[in-house]
Amino acid sequence: MNQFDFPRADRIRSQQEFADVYSARQRAGDKYLLIFAITNQLERCRLGVSVSKKNGNAIMRARKKRMIREAFRLVQHQLPKGLDLIVIPRPEVEANLKQYQHSLKQLTQKLYRRLEHKQSG
C-alpha cells in the first residue's frame with residue numbers, strides 16, 4: 001500500500017459515524033470548504049464527504065465529491081494523523097483541485113490544533 005492509496009477503511013460512510021463527527025461541533029471553514037472534525041484512535045485520517053443539493057444537479061455534486069476525494073488522496077500524508085473529517089464544499093464557489101488541496105491542509109491543521117488544545121486543557 002502506498003501513501004496515495006485511499007481504501008474503503010479510510011472513508012466515513014455510516015450515518016452514525018457522520019452523526020458522531022457533527023455532534024463534536026468542531027468545525028473550520030474558508031471560501032471553498034467547511035470541515036467538521038473529531039479525533040479517532042487510528043494512525044490515519046478518515047474522510048466523509050457531504051454535498052448538498054445547493055451544489056447543483058447530481059452530475060455537479062458527484063464531480064465535487066470526486067474532486068474532494070482526490071484532493072484528500074493526494075494530501076492525506078501531509079495531514080495530521082488521527083482525525084475523522086467530514087468535508088462540505090461551499091455551494092457558491094467553484095474550486096479546482098489545487099484549491100481543495102490547500103483548503104484541506106490549512107483547515108485540518110487548524111482543527112487539529114484546536115482538538116489537541118481541547119484535550120490537553
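Student: Is the crossing of helix 2 past helix 3 left-handed or right-handed?
Tutor: This is a predicted model, where local features need pLDDT of at least 70, side-chain atom pairs count only at pLDDT 80 or more, and totals for chains, interfaces and linings use all residues. Residues are numbered from 1 along each chain as its sequence is written, and side-chain values use heavy atoms, without hydrogens or water. Right-handed means the near helix is turned clockwise from the far one by less than a right angle, left-handed anticlockwise. Helix 2 passes helix 3 in a crossing that is right-handed.

Student: Which residues of helix 3 make the contact with helix 2?
Tutor: Helix 2 brings Lys64, Met67, Ile68, Glu70, Ala71, Phe72, Leu74 and Val75 (contact: heavy atoms within 4.5 Å). Helix 3 answers with Leu97, Tyr100, Gln101, Leu104 and Lys105.

Student: Is Phe6 buried or exposed?
Tutor: Phe6 is found in the segment before helix 1 (15–23). Among the residues Phe6 touches are Leu47, Arg69 and Phe72. Its relative accessibility is 13%, so Phe6 counts as buried (under 20%; exposed is over 50%, partly exposed in between; 1.4 Å probe, protein chains only). The word for Phe6 is buried.

Student: Which strands stand at the edges of the sheet?
Tutor: Four strands form an open sheet in the order 1-2-4-3, with mixed pairing (at least two DSSP bridges between two strands). Each edge strand has a single partner, so one side is left without a neighbour in the sheet. The edges are strand 1 (27–29) and strand 3 (46–49).

How values were computed: Lists of a residue's contacts leave out its neighbours within four places in sequence.
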